[in-house]
Amino acid sequence: MIDTAIILAAGLGKRMRDFDPVIPKPLIKVNNKPFIQYAIDLLNEIRTKEIIINVHYKSDEILKFIKSLSQNNIIVSDESCLLYTSPSPRDATLSRMPSSA
């Protein structure tokens, strides 16, 4: 079991724009499933206690998807300024996603 994992989803997804210029990279579907869902499913499968997902580019769309999952173990870090490098979890502003129960 892993206590905490981070999914980096804040990037601009420039290399994916030829594939789909509108949808943010984490939400592009692979086999009819958003790319980010594969990472979340794997982390849930190994019983990860907390999943931190950082967002920036098109964050509203990604947040809407994350909220639809109704998981109380997901924490979102909304990066107001993209640093073009992996963020430090301790530097992030974290907010737990409310469950939609």
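Colleague: How many aromatic pairs does the structure hold?

Modeller: Zero aromatic pairs turn up in the structure. To pair, ring centres of Phe, Tyr or Trp (its six-membered ring) must lie within 6.5 Å; planes under 30 degrees apart are stacked, over 60 edge-to-face, the rest tilted. This is a predicted model, where local features need pLDDT of at least 70 and side-chain atom pairs pLDDT 80 or more, while totals for chains, interfaces and linings use all residues. Residues are numbered from 1 along each chain as its sequence is written, and side-chain values use heavy atoms, without hydrogens and water.

The charged end of K33 sits over the ring of Y38. Its distance from the ring centre is 4.4 Å. (The test: NZ of Lys or CZ of Arg within 6 Å of the centre and within 35 degrees of the ring normal.)

Next, the backbone. R47 is not a glycine, yet its phi is positive, about 60°. R47 lies in the loop between α1 (35-45) and β4 (50-55). Helices (H or I, at least four residues) and strands (E, at least two) are DSSP runs, numbered from the N terminus. R47 counts as exposed because its relative accessibility is 57%. The bands are buried under 20%, exposed over 50%, partly exposed in between, with a 1.4 Å probe and protein chains only.

S70 also has a positive phi without being a glycine, at about 55°. S70 sits in the loop between α2 (59-68) and β5 (74-78). With a relative accessible area of 40%, S70 is partly exposed.

Now strand β4, which contains N54. N54 has a relative accessible area of 4%, so it is buried. Its side chain reaches the backbone nitrogen of A9 at 2.7 Å. (A polar contact is an N or O pair within 3.5 Å, one able to donate a hydrogen and the other to accept it; sequence neighbours count only through side-chain atoms on both sides.) N54 and I75 are 21 residues apart in sequence, but their C-alpha atoms are 8.5 Å apart in space.

The structure has one cavity of 30 Å³ or more. The largest cavity holds about 50 Å³. (A cavity is a set of points on a 1 Å grid where a 1.4 Å probe fits but cannot get out; lining residues have an atom within 4 Å of a point.) Its lining has 13 residues, with G13, R17, D20, I23 and P24 nearest the centre. By class, eight lining residues are nonpolar, one is polar and four are charged. Here Asp, Glu, Lys and Arg count as charged, and Gly is among the polar residues.

Technical notes:
On a 1 Å grid over the protein atoms alone, a cavity is a set of points where a 1.4 Å probe fits but cannot get out, and a pocket is an open set with protein on both sides within 12 Å along at least five of seven lines; lining residues have an atom within 4 Å of a point. Grid points are joined across faces, edges and corners, and a volume is the space filled by probe spheres set on the points.
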